Amino acid sequence: MSVRHACVACSRALEALGTGLTMLRSGGLREPVYATGPKSQDLEELQFTLGEGPGVDALEAGGPVLTADLAGGPAERRWPAFAPAAAQCGAEAIYAIPVAAGAVRLGVLNVYRTHKGLPSGAELSDALIFADAVMVLAIDGRGGVATGLEELIEVSFAERRAHVHQAAGMVAAQLQLNITDALARLRAHAYLLDRRLGEVATDVVRRRLRFGADGDGGAARGPPPARGR
Amino acid sequence: MGDIAASDRYVREVFVELTDTLVDEFDIIDFLDRLAARCVELLGVSACGLLLVDHHGTLNLIAASSERARLLELFELQSSEGPCLDAYRTGLPISCAELTEAGERWPRFAPTAYTAGFTRVDALPMRLRDEVIGALNLFSVAAEPVHPDVLELGQTLANAATIGILHQRAVQRRDVVTVQLQGALNGRILIEQAKGFLAERQNISVEEAFALLRDHARAHDGKLLDVARAVVDGTLTIGASGARRRSP
């Protein structure tokens with residue numbers, strides 16, 4: 001399972017012209033990393049080069065930006081350079097879904113369609129679910145974790161558990177990492193020890209497991225700190 | 001609940017306070033946090049939580065009257081079983097006056113809730129027309145039955161929560177509802193991350209960390225989410241003593 005598979009599957013589920021994934025790099029720089037086909041690749045490049053578009057807005061807003069009609073007045077006013085150029089590429093509607101969870105902001109998934117209109121309820125849910133999957137796959141990729149399909153489904157749900165996010169915050173403070181890298185460390189640790197992310201997160205939150213700042217040394221079991229949980 | 005006049009006045013004050021928050025700088029999580037606290041006071045219950053459905057169809061906690069771990073676990077359990085799930089699926093209020101007898105109904109949730117010290121649970125659907133977006137969950141330790149007026153008031157508060165999240169009474173586009181719910185839940189994730197970060201930094205519990213975040217936001221007239229983001233970014237440090245430093 002890879003990010004590419006998720007993008008292709010998303011494209012199919014939404015009957016899209018194509019789907020592109022742009023990642024957010026450190027310093028706020030955006031980088032198109034994958035597109036399912038030449039048209040979506042062109043559209044991704046357009047947003048990148050012009051510095052405007054629904055994907056750009058979605059990244060800033062932190063929420064989905066759904067455009068039903070690229071040829072319409074509002075879209076042309078909002079993206080005067082991108083909208084007509086995108087229409088020329090054959091895109092009539094675009095759904096930009098951030099690949100993010102709280103402070104974990106990895107990028108944006110852009111679904112390009114040849115027909116006007118908003119996504120149906122099911123299509124929007126699907127797009128959000130695929131964005132979740134891309135997030136897990138991208139984070140795992142960082143940590144050298146090979147995500148299986150079954151695990152992907154389970155983890156997509158587990159990622160939504162409060163203690164997983166708390167644990168990511170704790171590890172970020174322990175290792176002086178950003179939340180994204182902290183989450184990747186947690187995933188990698190769980191994978192190495194063949195444990196569930198949720199269980200590892202519980203251990204972290206209950207102060208049974210600390211990540212020591214000793215380079216790549218990994219987790220160290222230590223006594224709980226002086227004050228309780 | 002005291003004499004009628006006093007409680008009516010109190011209810012009115014609460015609604016004025018709540019509607020005061022529905023302005024431009026609307027902080028949805030702070031609004032729901034206040035509402036959860038008000039539910040406990042007004043309804044005479046021990047604990048309250050608000051759960052919203054996400055795009056996976058899973059119920060997630062968005063705000064609670066207390067951030068104690070045991071209570072939060074009770075909310076988390078209900079993504080797969082329990083009164084909130086039933087209320088969400090049916091769109092109807094669900095009540096159980098005796099949790100010790102609900103073992104068959106909710107084999108995991110009931111014993112966990114009872115062990116946590118609760119005897120009664122109510123779940124009120126958060127709905128807008130046909131759309132049920134989540135549930136308002138009430139826990140009680142008291143053994144006596146709840147007056148129907150109390151549940152009616154509870155439903156009114158649940159409706160207030162729904163309107164606060166969806167911003168308007170009019171029927172919404174489906175996609176707008178989904179996006180708003182997703183935004184609210186995403187905000188909660190940020191708060192959980194900040195709780196963990198701050199708990200580690202200050203060597204306190206995640207529950208104490210939440211109180212620090214919330215108190216700081218209120219004291220400085222800021223949004224809880226902005227404070228959470230700044231803490232996680234490292235641009236804001238909140239000490240247990242309340243002192244704060246901003247690093248460049």
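User: Which domains is chain A divided into?
Analyst: Chain A splits into domain 1, covering 3-143, and domain 2, covering 161-220. Keep in mind that this is a predicted model.

User: How many Å apart are the C-alpha centres of the two domains of chain A?
Analyst: The C-alpha centres of domain 1 and domain 2 of chain A are 30 Å apart.

User: And how many residues does each domain of chain A put into the contact?
Analyst: Domain 1 of chain A gives eight residues, and domain 2 of chain A gives eight residues.

User: On the domain 1 side, what supplies them?
Analyst: In chain A, β5 (104-113) and α6 each supply at least two residues of the side of domain 1 that touches domain 2. α6(A) gives the most there, with four residues.

User: What classes of residue are on that side?
Analyst: That side of domain 1 of chain A has four nonpolar, two polar and two charged residues.

User: New topic. How many residues does each chain bring to the contact between A and B?
Analyst: Chain A brings 32 residues and chain B brings 32 residues.

User: Which helices of chain A supply residues to the side that touches chain B?
Analyst: α6 (121-143) and α8 (162-175) of chain A each supply at least two residues of that side. The largest share comes from α8(A), with 10 residues.

User: How does the side of chain A that touches chain B divide by class?
Analyst: It divides into 19 nonpolar, nine polar and four charged residues.

User: Zooming out, how many helices and strands does chain A have?
Analyst: Chain A has 10 helices and seven strands.

User: How much of chain A is buried?
Analyst: Of the 229 residues in chain A, 49% are buried.

User: What about contacts between residues 24 or more positions apart?
Analyst: Take the contacts in chain A with a separation of 6 or more. Residues 24 or more positions apart account for 58% of them.

User: Now the largest nonpolar core. Which residues touch the most other members?
Analyst: A:Val134 and B:Leu213 do, in a core of 149 residues. α6(A) gives the most to this core, with 13 residues.

User: So what does A:Val134 touch?
Analyst: Leave out residues up to four places away in sequence. A:Val134 then touches A:Val3, A:Ala6, A:Leu21, A:Val99 and A:Leu109.

User: α6(A) keeps coming up. Where does α6(A) give the most?
Analyst: α6(A) gives the most to the side of domain 1 of chain A that touches domain 2 of chain A.

Definitions and conventions
Residues are numbered from 1 along each chain as its sequence is written. Chains are lettered from A and ligands numbered from 1 in the order in which they are written. This is a predicted model: local features need pLDDT of at least 70, side-chain atom pairs count only at pLDDT 80 or more; totals for chains, interfaces and linings use all residues. Two residues are in contact if their C-beta atoms, placed from the backbone, lie within 7 Å. Ala, Val, Leu, Ile, Met, Phe, Trp, Tyr, Cys and Pro count as nonpolar, Asp, Glu, Lys and Arg as charged, and the others, Gly among them, as polar. Domain bounds come from an automatic or database domain assignment. A residue is buried if 20 or more other C-beta atoms lie within 10 Å of its own, exposed if 12 or fewer, and partly exposed in between; C-beta atoms are placed from the backbone. A nonpolar core is a set of buried Ala, Val, Leu, Ile, Met, Phe, Trp, Tyr and Cys residues joined through C-beta atoms within 7 Å.
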